[in-house]
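Please keep the coordinates open while you read.

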Amino acid sequence: MSSSPATSEVSPIADTGPLALCARSPHVPADRLVAEMVPPPRFDSVRFATYLPDPNQPSQTEAVRVLEGFAGGLGGAHAAAGGKRGFFGFGKARAPKTPAGPRGVYLDGGYGVGKTHLLASLWHATPAEPALKAFGTFVELTNLVGALGFQQTVQTLSGHRLLCIDEFELDDPGDTVLVSSLLARLVDAGVALAATSNTLPGKLGEGRFAAVDFLREIQGLSAHFRALRIDGEDYRHRGLPEAPAPYSDEQVTKAAYATPGASLDDFPHLLDHLAKVHPSRYGALTDGLTAVCLTDVQAVPDQSTALQLVVLADRLYDREIPVLASGLPFDKLFSEEMLNGGYRKKYFRAISRLTALARDAKGFVSAG
């Protein structure tokens, strides 16, 4: 896909002071959603060679080996044009019919072990034009279906060599049926799949809804993938100091005014605003920002709000936008009930990413 920028209805950052995210209500046309299905800026330059496996975790080295072979196996013509090839670097060209084995690879592991790095490296290593490869989060994929419609999404993606899906998670039965149907159609068209998640494909939806009632769809999803387990600790915290403690409201406000391109928002008001903006627009919400400054960070009041914050945290992390905050530290955002519930892996990922972005923001206080 082309990575050329697309316009959105977002007010420019004022010269007289920081912007408020709460004042932004971006409109994102469907063609922008398609054009942006490439690795985000944080992962634009990553490659297999830049992934540093933990020597104590052999599964990380094995994942690189398997994925390099997978990419090499995608070098032939698209299935519709000349038969489907084997995967993981093995096998000969096949007759143009759906193979019996998995049509993709699924990276399973805890947050911060480098799964997105590896997925983006696979996208870059696959020998095909960018227009024949797509990369997006699970949320972005479902948002694309919402914007284009199911049939148009199938038509748009069917000519691709590879579809990479980051943060593959099923939150409700509707998503289960939708994604199961979409991936089945794409596999039939010869599209190879790659995905990352903190949950094995056969366990998707577990703890979130009555997954047993949708077992056939979940098993169908699982059949599309060969699962690769990646063990290890969160690299974002490996050998690094603890995240900085929250700053005072005065420090955050002063830094926001002193930093060109920064935004400044009251955290509870921002949470209210997120409920009014579709998650597919959260990326556009951050267009042009150099830092996000938040005052009065508090515990998230409910699960719906928490899941919206998770999406915003992902978009901020993808775009490498530092976050400077006052109030509660980010590891206190979610209640014990939330952290022990079905979405706990999402919440831990958000904490990990926001902590990394808070560490990135330390320089703004000294500069301010």
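1. The largest nonpolar core has 66 residues, and Leu118, Leu122, Leu333, Phe334 and Tyr347 touch the most other members. A nonpolar core here is a set of buried Ala, Val, Leu, Ile, Met, Phe, Trp, Tyr and Cys residues joined through side-chain atoms within 4.5 Å. Helix α12 is the main contributor to this core, giving 9 residues. Apart from this core lies another of 26 residues, which includes Leu141, Val145, Phe168 and Val191.

2. A word on the basis of all this: the model is predicted, so local features need pLDDT of at least 70, side-chain atom pairs count only at pLDDT 80 or more, and totals for chains, interfaces and linings use all residues. Residues are numbered from 1 along each chain as its sequence is written, and side-chain values use heavy atoms, with hydrogens and water left out.

3. Have a look around tyrosine 347. Leaving aside residues up to four places away in sequence, tyrosine 347 touches Gln303, Ala306, Leu307, Val310, Phe334, Met338 and Leu339. Contact means heavy atoms within 4.5 Å.

4. For the chain as a whole, 15 helices and 8 strands are found. These are DSSP runs numbered from the N terminus: H or I of at least four residues for helices, E of at least two for strands. Of the 368 residues, 53% count as buried, where buried means under 20% relative accessible area, exposed over 50%, and partly exposed in between (1.4 Å probe, protein chains only). Among contacts between residues at least 6 apart in sequence, 82% join residues at least 24 apart.

5. Next, a sheet. Three strands form an open, parallel sheet in the order β6-β7-β8; two strands pair if DSSP finds at least two bridges between them. Both β6 (262–266) and β8 (323–327) stand at the edges with a single partner strand each, so one side of each has no neighbour in the sheet. On average, neighbouring strands are turned by 15 degrees against each other, direction ignored. Between β6 and β7 (residues 291–297) there are 5 bridges, and alanine 262 has alanine 291 in β7 as its bridge partner.

6. Helix α10 (residues 267–274) lies across β6 and β7, running at about 110 degrees to β7. Axes are lines fitted to C-alpha atoms, for helices over the stretch in contact, and angles run from 0 to 180 degrees between N-to-C directions.

7. Now the charged pairs. The whole structure holds 11 salt bridges, each a side-chain nitrogen of Lys or Arg within 4 Å of a carboxyl oxygen of Asp or Glu. One of them joins arginine 32 and glutamate 36 (2.7 Å, N to O); arginine 32 is buried at 4% relative accessibility, while glutamate 36 is partly exposed at 33%.

8. Another salt bridge joins arginine 315 and glutamate 140 (3.8 Å, N to O). This pair links helix α12 (residues 303–318) with helix α5 (residues 138–148), the two residues being 175 apart. Arginine 315 is buried at 3%, and glutamate 140 is partly exposed at 30%.
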